[in-house]
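Please work through the exercises below with the model open beside you, trying each task before you read its solution.

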Amino acid sequence: MQITRRGLTLGAPLAVAGRAAMRRARAADASPILIGYPAALTGPSSAPGVGQNRGVTYIVDRINAAGGVKGRKIQMVTRDTQGDPTKAVNAVQEMMASDKVHAIFGPNNSGEALATTPIVARRGIPNIHCCGITSLIDEKKFPNAFRQTPNNDQSSDPPRIYCQKILKLNKVAVIGDSTGYGTSAVTDSVNNFKKNAGDVVYQAQIDATQPDMMPDMLRMREAGAQAIVPWTVSTGMIARLLNARGAMGWDVPFVGHQAMGSGEVGHLLQKPEYWNNVFNEGFKNCSLDAAGKLPARTQDFVDHARGKMSLVNTSLWWIVSAVDAIQLVADAVSKTDSSSPEAIIGYWNTLTKYPGLFADYTFSPTQHNGFPSDELVMSVASSEHDGAYALAPGYT
Amino acid sequence: MLASIIASGLAIGAVYALIGIVYNTMYSASRVMSFTAGQIGMLGGVLGSLFILRMGLTPIIGFLLTLAVCSAIGVVTEIVAVRPVLSKLDQHLYVLTTLALTMMIQQVTAIEWSTEPQPFPRLFAIGERGPFDQRFWLPLAACAAVFVGLEFLYRRTLIGHAFLAIAEDNYAARALGLPERNLRVASFALSGAIGGVAGFAAGQLLLAFFANGAMLSFYGFVPIAIGGLGNNRGAVVGGLALGVVQQACNFIFGGIFASVAVFLVFIVALLAVPQGMFGMATVRRV
């Protein structure tokens, strides 16, 4: 085709007019931003989902009440997966194929995420992860997947450091439940101890519904464990372990998973003092200082949210991490003026110390584990107040 | 360590035995293996916790209400899941109907109660630690009481004889004028009450947890496979043996390997005595 001066003269104003029309059309785009949320909201693994859902509901209502993201309301497409990988797969398929979501937050259970991650990656939908299994994030295989919480490798560090550096105990028993998460977390934790000259004297997966944990506790004591490092979200299993410890009169410290600080554990203990000498993993931004105050940014959020949503019987980090996940999507759409997968993923890949409530996230094209390891701490399990915990002894 | 193995093994074994008796009681009256047995056991713990801890009722009232509701669930099982399929027993449709009801009970409990284990109250302030803790001796005591009570019922009372008659041959029992349907309903009410006793007595051991139902349905089936279907003595011996072996495997192997070891032991036992310890080999007329 021959390009003439007349053609160019006619074409330029047309192109300008076309671009303006497209810009107007985009500016007028009031279609909702659809965020898929496949989460275990009922079932035995639902504790994180219940807490996160409060954060999701709160932030979506808040953004929408303020007019949305450049006039676009956020609409959640929520499906209760009950912790079942099959249901999670069906849910994300439906979200992507029928609902045409712009991004997905979840699932919040590692077993489910292992099943959904490759499926979501095939369609390239931006996916925010909050599960620990390290292999879920692979920038080459899953360039759409970003993790905002610590992975199992990162999570292994604080209990190990606390045992070795602060409690000065090197012989540990590392145990977990028999779920996908429990199995992989135990493996990662054992490797972490061994890599750092730790002595893992006992390692086991335990059926979380086992009614009596005394056999396992006795085996750990006989193996010479000086500290027990549990990896499970099952409050029943944790309470049974602590009750067995109390019945044995063995004051071995428990140093491990966040769920040890859940109020549900406290309800199931035969005596309140059985919760002493138990340290759960925590996060700087969700930890109370000696004066009982949170870091300023989180304290502002809690003060604002108090009365508008329940902060009890859950962990604050579940709430604020969910708030951050939705805010990450909203900011990506706001900053790029687009809800396309490329725009959202491209924006996230540029973030350095993005100031979330839960953490300051940093992502790049080659690093999608956005949570900074130095924000992990250990907390006093029995010190929960509005979902936040006091720093464990030894931290300043 | 030995005391701990025996105490907790016998306790959990007694619960399995009671669930085995629930299976047997339902089976005797209907020839149906109802999978709701474990769910009724689960409800015994959940309802006990609900009535006593949440509603603040006295333990006696809470216990009686638990038995009443569990009996009602037993009757509902008969009406909803058993009666409609009795004419087609050979097609094993009861597997579908009782499993469906099982799922419904579990899901409703999860939604209305909690998906996390909830505490069950301490009823007796004796033996707070060690093998004499309530969670160990109460299930055993409940199992003994139920077993003795059933023996008395079946051997010394007219209604017990009627139960045995329909269990033996329901056509002949009907021909003799026995109200077969009413006796079957009463039998399911009785089995519901026994399930309630099992869950209530094991409340401190198993906690009030919706997921206990599936576990009890599964492990409660093993004693009747070992002891012989329809035989309560076999269920008690099989249940206690299962509990002790399971606990011993927990000590010896630890963790999830214990379950594998337990089932290896029982597969070997069943290969040796396929009809169960107390069951009789079926005679087939040729």
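**Exercise 1. Where does R31(B) lie, and what is its phi?**

Solution. Begin with the place: R31(B) is in the loop between α1 (2-30) and α2 (36-54) of chain B, where helices (H or I, at least four residues) and strands (E, at least two) are DSSP runs, numbered from the N terminus. Then read the backbone: R31(B) is not a glycine, yet its phi is positive, at about 65°. Most residues other than glycine have a negative phi, and most peptide bonds are trans. A peptide bond to set beside this is the one joining G106(A) and P107(A), which is cis, with omega about 0°; P107(A) is placed in the loop between β3 and α4 (110-123) of chain A.

Before going on, note that this is a predicted model, in which local features need pLDDT of at least 70 and side-chain atom pairs count only at pLDDT 80 or more, while totals for chains, interfaces and linings use all residues. Residues are numbered from 1 along each chain as its sequence is written, and chains are lettered from A and ligands numbered from 1 in the order in which they are written.

**Exercise 2. Describe the fold content and the extent of chain B, then of chain A.**

Solution. For chain B, count the elements: there are 12 helices and zero strands, so that the pattern read along the sequence is α-α-α-α-α-α-α-α-α-α-α-α. Its radius of gyration is 19 Å, close to the 19 Å that the globule rule gives for 286 residues, and therefore chain B is as compact as a globular protein of that length; the radius is taken over C-alpha atoms, and the rule is 2.2 Å times the number of residues to the power 0.38. The C-alpha trace of chain B spans about 55 × 45 × 35 Å along its principal axes.

For chain A, the count is 12 helices and 15 strands. A compact globule of 396 residues would have a radius of gyration near 21 Å, and the 23 Å of chain A agrees with this. Along its principal axes the C-alpha trace of chain A spans about 95 × 45 × 35 Å.

**Exercise 3. At what angle do helix α3 and helix α8 of chain B pack, and at what angle do α5(B) and α8(B)?**

Solution. Axes are lines fitted to C-alpha atoms, for helices over the stretch in contact, and angles run from 0 to 180 degrees between N-to-C directions.

Now take the second pair: α5 (residues 134-156) of chain B packs against α8(B) at about 160°, with the axes 8 Å apart, and that makes α5(B) roughly antiparallel to α8(B). L138(B), P139(B), A142(B) and V146(B) in α5(B) meet I194(B), V197(B), A198(B) and A201(B) in α8(B), where contact requires C-beta atoms, placed from the backbone, to lie within 7 Å. This contact has eight nonpolar, no polar and no charged residues.

**Exercise 4. What is the strand order of the open sheet of five strands in chain A?**

Solution. The order is β2-β1-β3-β4-β5 (chain A), with parallel pairing; two strands pair if DSSP finds at least two bridges between them. The edge strands, each pairing on one side only, are β2 (74-80) and β5 (145-147) of chain A. At one end of that order, β4 (residues 127-129) of chain A and β5(A) pair in the parallel sense over three bridges, and N127(A) stands opposite A145(A) in β5(A). Helix α11 (residues 316-336) of chain A lies across β1 (33-39), β2, β3 (103-105) and β4 of chain A, and runs at about 160° to β1(A).

**Exercise 5. How many residues of chain A are in contact with chain B, and which element gives the most?**

Solution. There are 24 residues of chain A in contact with 24 residues of chain B. On the side of chain A that touches chain B, α7(A) gives the most, with five residues.

Definitions and conventions: Two residues are in contact if their C-beta atoms, placed from the backbone, lie within 7 Å. Angles under 35 degrees count as roughly parallel, over 145 as roughly antiparallel, 65 to 115 as roughly perpendicular and the rest as oblique. Ala, Val, Leu, Ile, Met, Phe, Trp, Tyr, Cys and Pro count as nonpolar, Asp, Glu, Lys and Arg as charged, and the others, Gly among them, as polar.
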